[in-house]
Every structure is written in C-alpha cells, then in structure tokens.
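Subject: The structure, and what turned up in it

Hi,

Here is the structure I promised to send over.

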Amino acid sequence: MNSMEPNQAKLSLLYSPEASQSQRTLNPNVTGTSVVALKYKDGVLMAADMGGSYGSTLRYKSIERMKPIGKHSLIGASGEISDFQEVLRYLDELTLQDSMCDDGNSLGPKEIHNYLSCVMYNRRNKFNPLWNSFVLAGVKKKPGVDKSETYLGLVNMIGVNFEDDHVATGFGNHLARPILRDEWREDLSFEEGVRLLEKCMRVLLYRDRSAVNKLQIANITEKGVTISQPYSLKTFWGFSAFQNPTAGAQGS
C-alpha cells in the first residue's frame with residue numbers, strides 16, 4: 001500500500017476533475033451592437049458604430065467592427081468582440097490557404113458565408129457557441145459574365161443563415177429593417193444608400209442604449225473595399241418624448 005502512495009500523489013498533481021472539465025462562455029463580456037447593410041446599384045454598403053459595451057457600460061468607443069476579407073468580401077460583426085477576433089483569425093488562415101493554392105481562383109463572398117455558417121453551427125452543436133451575428137457582403141465577377149454579382153448574407157450564433165437585399169443584426173433587425181423595407185429599392189445610388197443607412201443608424205442611436213454616435217460606413221464594389229473614417233451624425237434631442245420619457249408610464 002505504501003509503495004502505491006507516491007504514484008497516487010503524482011497522479012493527483014497531474015490530474016484533477018476540476019481541471020479536466022471543459023469551459024464554456026456563458027455570457028459575452030465586451031459586445032458591439034447593430035450592423036446594417038444593403039445592396040445598391042454598384043455594390044453593397046454596410047454601417048456599424050464603434051461602441052463596445054462592457055455589460056451595460058459603454059466602455060470602448062473606437063472598436064472597428066467591419067473588416068475586408070480576401071479580395072471580394074467584407075464582414076461586419078455584432079456581439080462578443082473577442083469571438084469576432086477569433087473568427088478573423090480563422091478567416092486569415094482560410095484566405096492564406098486559398099492564396100497558397102495559386103490556381104487563379106479566389107474565395108468569393110458566398111464561399112466565405114457558407115464557411116462561417118458551418119463554423120457557427122459546429123460551435124453551437126458543441127454547446128460552445130461564438131456569441132456573434134455576422135453580416136457578409138461582397139462583389140465578385142463570375143467567369144464568362146461581364147457583370148459582377150453582389151452578395152449580402154447574414155449568419156447568427158447558432159448557424160441560421162440567409163441572403164437578402166438588406167440585412168441587420170441586433171436591435172437593427174427590429175428598428176432598421178422596417179425602414180429598409182419601406183425605402184430600399186434596387187437602383188439606389190451610392191448617395192441615396194448612404195443617406196438611408198444614416199437614417200437607420202440615427203434611429204438606432206435614439207433607441208438603443210448600446211449605440212454610440214461614432215460610426216463607419218463601408219462600401220464594397222468590384223474595385224474593392226473602402227471603409228470611411230469615423231464620423232458622427234447630426235441629431236436632435238428636443239422631441240417631447242425625450243424630455244420626459246416616463247410620462248404616462250405605469251408607476252411613474
């Protein structure tokens with residue numbers, strides 16, 4: 001019995017039930033709010049503010065939540081910022097492997113959207129999801145076709161994905177989509193598309209406590225991706241409902 005004791009002590013140092021248990025992210029820590037995107041006649045426009053909320057505290061105000069992916073795609077993220085950074089690492093590896101093939105082809109937005117959908121669904125099935133919703137936009141010319149094809153899709157944290165002419169995540173899905181359904185049309189010019197996105201972002205700024213008045217708008221066409229410098233929207237807070245927001249509320 002005594003000869004077994006040193007081995008048992010060694011095992012207890014190397015292994016403990018607590019250390020073997022896998023860890024799960026139960027709640028996101030630093031999160032970004034809505035991303036809104038729409039197609040227009042020359043490509044796709046996407047807008048997101050630069051806020052990062054630590055719980056209910058607007059802790060960071062300069063987080064970029066839109067990034068170009070490869071030659072033809074643009075991603076925007078809401079949700080946990082660290083998970084977004086991890087997904088960007090996955091996508092860097094994917095595009096690097098694609099470029100190393102050197103076969104004259106490159107991944108388009110549809111392929112990257114499908115890849116993200118598989119990643120999100122896989123993590124959901126492990127009960128360890130990435131706490132994000134992603135908007136994937138892109139423009140790519142098909143072989144043998146003169147006109148480029150625009151692409152816009154969304155995937156959420158459990159792998160639900162779809163394509164549409166305009167998409168939004170977070171509060172934008174409730175507050176911006178109705179505006180887009182009323183005012184979006186297929187032949188929007190760049191200027192009209194920017195104004196429509198700014199209108200949506202202004203409504204979100206008024207109604208979403210996690211929104212910050214510092215945003216970027218990204219534009220992707222067949223020429224590539226451009227992301228604007230951060231800027232603020234002109235706002236008006238003199239509405240009577242803003243002066244006394246609890247008027248008429250029960251218990252006020």
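Below is what was found, going from the whole chain to single residues.

A word on the ground rules. This is a predicted model, in which local features need pLDDT of at least 70 and side-chain atom pairs count only at pLDDT 80 or more, while totals for chains, interfaces and linings use all residues. Residues are numbered from 1 along each chain as its sequence is written, and side-chain values use heavy atoms, with hydrogens and water left out.

**The whole chain**

The chain has 8 helices and 13 strands; helices (H or I, at least four residues) and strands (E, at least two) are DSSP runs, numbered from the N terminus. Along the principal axes, its C-alpha atoms fill a box of roughly 80 × 65 × 30 Å. Of the 252 residues, 41% count as buried (buried is under 20% relative accessible area, exposed is over 50%, and partly exposed lies in between, with a 1.4 Å probe and protein chains only). Among the contacts with a separation of 6 or more, 62% are between residues 24 or more positions apart; a contact means heavy atoms within 4.5 Å.

As a reminder, an α-helix has 3.6 residues a turn, so residues three or four places apart point the same way. Just after helix 3 comes Asp102, with a positive phi of about 50 degrees.

Helix 4 has 17 residues and reaches 24 Å from its first C-alpha to its last, close to the 24 Å expected. Pro109, Ile112, His113, Leu116, Ser117, Val119, Met120 and Arg123 are its buried residues. These fall within an arc of 165 degrees seen down the axis, so they line one face of helix 4. They pack against strand 6, strand 7, helix 3, strand 8, strand 9 and strand 10 (161-163). Phe127, which follows helix 4, also has a positive phi, near 55 degrees.

**Strand 8 and its neighbours**

Strand 8 is mostly covered, with 8 of its 10 residues buried. It pairs in the antiparallel sense with strand 7 over 7 bridges and with strand 9 (residues 148-155) over 8 bridges; two strands pair if DSSP finds at least two bridges between them. Val135 in strand 8 is the bridge partner of Gly76, and Val135 also stands opposite Leu154 in strand 9. Strands 8 and 9 form a hairpin with 6 residues between them, and Gly144 in the turn has a positive phi of about 80 degrees.

**Met66**

Met66 is found in strand 6 (residues 66-69) and counts as buried because its relative accessibility is 2%. Beyond residues up to four places away in sequence, its contacts include Ala48, Ile75, Gly76 and Ile217. Met66 and Ala48 are 18 residues apart in sequence, with their C-alpha atoms 7.4 Å apart in space.

**Cores and cysteines**

The largest nonpolar core has 20 residues, of which Val36, Leu38, Leu45, Leu196, Leu197, Met201 and Ile217 touch the most other members. A nonpolar core here is a set of buried Ala, Val, Leu, Ile, Met, Phe, Trp, Tyr and Cys residues joined through side-chain atoms within 4.5 Å. Helix 7 gives the most to this core, with 6 residues. Apart from it lies another core, of 17 residues, among them Ile75, Leu88, Leu94 and Phe134.

The structure holds 0 disulfides (pairs of cysteine sulfur atoms within 2.5 Å). For Cys101, the nearest cysteine sulfur is that of Cys118, 18 Å away. Cys101 is exposed, with a relative accessible area of 53%, whereas Cys200 counts as buried at 1% relative accessibility.

Best wishes

How values were computed: The expected span of a helix is 1.5 Å times one less than its number of residues. The arc is that of the directions from the helix axis to the C-beta atoms.
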